[in-house]
Amino acid sequence: MRLRMKFRHRVVVMSVAGTLAVVYLFLMYTGLLPKIFSSHEDKLKKFMDKNPLSFSFKGWKVNAGQCRADFSVPKDVIATQDLAERTDFNTYVNGLYNLPHAELKDAAYGPNLRPLSVIIVPHSHLDPGWLETVDEYYNRKVKFILDHMVRKLHLYQDMTFIWAEIIFFHRWWESQSKLIKEQVHDLVKSGRLEIVSGGWVMPDEASTHYISVIDQLIEGHQWVFETFGIKPSSSWSIDPFGHSGTMPYLWKHSGMSNMVIGRIHQGTKGRLALEKSLEFYWKQYWSSSNSDDILCHVMPYMLYSLHHTCGPDKFICAMFDFRKIPGEPEFSIIQPITKENIVNKAKELYEQYRLKSSLFTHGTIFVPLGDDFRYDHIEEWDQQYENYKKLMKYMNSKPEWKINVKFGTINDYFKEIKNTEMSSLFPKRELSGDFFPYSDHDKAYWTGYFSTRPFDKRFSREVETRLRASEILHSIALAYSDYWNVKYKFLQRAPRLLKEARDNLGIFLHHDAITGTSKAYVVEDYEEKLLLAYDNAMHVMGSAAQFLLTKGKLDNDPSILEPELTRATYKQSSMHQKISPTKEGTRIVLYNPTSHLRSEFVEVIVDSVEFQIKDSKRKEVPFQINPVFVSGTEVDRTVFEIVFLTEISAFGIETYILQTINRTPKSFWSKITIYNSEELIIGPELKFEQERPRHRGNLNEAILIENSQIAAEFKPINGLLDKWIEKADNKTKVTKIMLDFKQYTSRGSGAYIFLPTGPATNMLQGTPVVRVIEGPFCTEVQSVYVHLYHRVRLYHHPGLQGRQLFIQNALNMFVLNMRDREPIMRILTSINNEKGSFFTDENGFQFIGRKRHPTDEQYQSIERSYYPVTTMAFIEDGKTRVTVHTGQAHGAASLERGWLEFMIDRQLLYDDERGLGEGISDNKLTMTKYMLTIEHYDTSTFEDKFTFPSMQANIINEFLNHPIQKMYTPINSEIVSPNFVPLKQPLPCDIFVVGMKSLYKADLSFNGTSLVIHRKGFRCGYPSDGLQCPSTNVNVAPLFPGVLKGSVRETSLTHLTTKQSKVNLENLQVPPMEIKSFVIS
Ligand SMILES: [Zn+2]
């Protein structure tokens, strides 16, 4: 909080969005426009000759064994893409899909009745925020549920309960007496209280990134293990709206061997039921071993509430939910079990159980007994228990029914079926893929939430990135504190700040938080929590950087380092701080949070231009000066963006000094060209070159921006991309690639559901002022509409940074009336992909092929072809791949050959009847980020189910999602070292450090350092030049210089099980695609 207050009074500059609210004149104009660059080239060349930039390329060689392009899906594995092809998506009664049950007379009364075991699993589904905030839910409901649970499970010795959300359990536990804690221990030990999943929350599976999914799982699992000494064995993910193929991998490697999922397309459930495949081993497409497989149970009916769990008839099932609380609507309907009604009631329930059992191959079913926030009234415990006990007693006494009904847990269920697995009753099914999109009803596709509230989806990505970066730097500071034998004073405060940040980001992964499907006031609560995490992470990062740069000689808290990007309030996007170069020298501190050498241009905002920049060797570096606009056509006279080249080692820190001087600085003013307006206001003291449109051109002449590797053409009329030109081998290769903005109009969309009236229509209104800012280090085209600011930047970098276009949008749906509109950014290319087929990532971990929905021809339904994207999507034909990297999660689709589109916001007046009770009308000015690349194969291979990005694409994605972290300080002290280089040798290109963080016990004492490493899959056959990671060994030993050999162990993902002790930090073994976890103590 202190940190935030400090920054609030600062003058902040929003270089991007400040122009949006301004009204300006459009002066349409069709004169001859000079092609940019022509008059500029000489000057530019002279400048560059005088100021050569040094780039160091060390290269990277692909080992053939690392390529992951040569495998296929075995025939007997169900691929979910194929499953859709053979699924009947036609609905039956009332828009609902039917499941293929056996005939009742056969299922319940046939001659060869097999014994049936029914396990009733009492549970309560607890959303950490939805219609109420997490605190409100806790105080009004959750704490009572847990209080009652202890009392009633003590009383009812055969009753059981399962619990998933550790965020709540942990909070309740803190305030319990020793006696209660002992009682809970006994319940856990006896197996009557089962912790399922054991993550901080039950995460959404569409928009979440695996970095934070793992992070919240480590937090939950560490607490569960420390508190109870147990390791969760089953995951319980019953409410997320569709299921990702990445989660089974994460659950399996966290030590769980079973999983339960709920919401998959009802039509798909029907098909799986028909194939007796509602239980299967979920395999990774890319994995040939079965070590990644996990047994998955799909809950067959619509929902997890008792109305949908006892059997196919929800009206009958509803009568077996015995909660009877005065004032609730069901109060008068619910009939407790009596001597008079038990015969009929038991028969009805028996038949439902038998019908449910007909969907499975073995003789055991489990029946969840609960719903949202159940068991909050103490009476409910008695009502459910007593009535079910009567039913059980009766049913179990009927030998002809061959049934045994009892209370139990999910663990009990899986144990029981795994006993039968050995028999022929449980044929082994295997499945690969995922379960998107989800639909619960005809015409209701839950593909809207992939894009709902993009402001928060972007916000959480920034928090995730920053938290990860600060955790890593903090871990390094800790290791060096030991090594240097210098006290790291901030160590006292860091655990609380980090824990709070992890918990606050963790809560946002909840399936009503990052999904954007909570009430507006609950969203604000999440945003406040995200802001706290954002600030805490920065606080820790600043302190760690200060410690490392001063060897602990400076111990200011907060540190002297201030973040260059801050958020003034939770309602605003990140904004650049204005940095003032001084006579003494203002320091800019840049930290590279990745394991690879980063050579790239960075930008900061300054309030003067008469200064020099010196790098860590105290060599002067040139910089480009770009304008910041106060309106569409007026340049700010006091604020500038400067761009300069940096090179930072893996996890390293470099400092730059900005010092005012009296001589001409080594800088280059960019040139500004304005289209579609005759006005360009530049203060006379500013030395920006200008190329004003005069009446001598035509608007058909394209705007061209280029570097040594690529060029891009834009249409002057709207400033939108039109062509991509590659310059390899002295030849040019042109790819048609047009960018456009459109919008869908809702006919039934809401927070969850996407249901447009038809194809997208034009969204852009009026003619924008188009600005071209051109300089030696970067050139960009900016389109300034009233409601949209769109910029595309090309860096003039000979490496990877120069091989992509950086795209940024700032959309403000409130400026224009965009109610019931769902805007998209669409890219139209000449790629000859199969219509509707494209690839998306799954939680940033792997890539899956998407197809047109099988019903597309029949319904022309756009909403069915939308899929979630977390970090990357691409379309490809046999030769070329167009990739869009995203800095936030989106819904995306490829509706026509060559198209790829991303939904960028949604403003919806109406509720979509999934319980939220309101539309989405709290849209904020939202900035979204992308990178666009085009790559060519050397060989063509047809892929449709899954593939991999190129190695270059993996690294480019790091530029976007793990940017260099910038800090600054006006204090230029000699105590501050010019740089810190912990890893002289970067890690191999395909190695990604998912996380490196301190583990804390509940009392916040240190419990070792967690290191999680992913060896990313990549597809060979693409160029691999420009990659600067020559290493082959995963050698992280230099990050932990004081650590003794042998004090490192390899563990399960969340560190609960040791797999190998005495691991060598100099050569960690991580096979392709796999994630490995280590603990350094
Ligand atoms: Zn839920």
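Predicted model: local features only at pLDDT ≥ 70, side-chain atom pairs only at ≥ 80, totals over all residues.

Me: Why is H125 called buried?

Reply: H125 has a relative accessible area of 1%. The cut-off is under 20%, so H125 counts as buried. H511 is buried too, with a value of 1%.

Me: What makes H125, D127, D239 and H511 donors of the zinc ion?

Reply: A donor here is an N, O or S atom within 2.8 Å of the metal. The NE2 atoms of H125 and H511 and the OD atoms of D127 and D239 lie 2.0 Å from the zinc ion, so they qualify.

Me: Why is the site of the zinc ion called irregular?

Reply: Its 4 donor atoms make angles of 91 to 161°. Tetrahedral needs all angles between 85 and 135 degrees, so the 161° end rules that label out. The site ends up as irregular.

Me: How do you know that H125 and H511 link distant parts of the chain?

Reply: They're 386 residues apart: H125 is in strand β3, while H511 is in the loop between α16 and α17.

Me: What makes up the lining of the largest pocket?

Reply: The lining divides into 12 nonpolar, 4 polar and 13 charged residues. α16 gives the most, with 6 residues. Among those nearest the centre are K499, E500 and D503. Lys, Glu and Asp count as charged, so these three belong to the charged group. The pocket's volume is about 700 Å³.

Notes:
Residues numbered from 1 in each chain as written. Heavy atoms only, no water. Donors = N, O, S within 2.8 Å, 3.2 Å for Na, K, Ca; no water. Tetrahedral: all angles 85-135°; square planar, octahedral: opposite > 155°, others 65-115°. Helix = DSSP H or I, 4+ residues; strand = E, 2+ residues; numbered from the N terminus. Buried < 20%, exposed > 50% of the residue type's maximum accessible area, 1.4 Å probe, protein only. 1 Å grid on protein atoms, 1.4 Å probe; cavity = no way out; pocket = protein on both sides within 12 Å on 5 of 7 lines; lining within 4 Å. Points joined across faces, edges and corners; volume = space filled by probe spheres on them.
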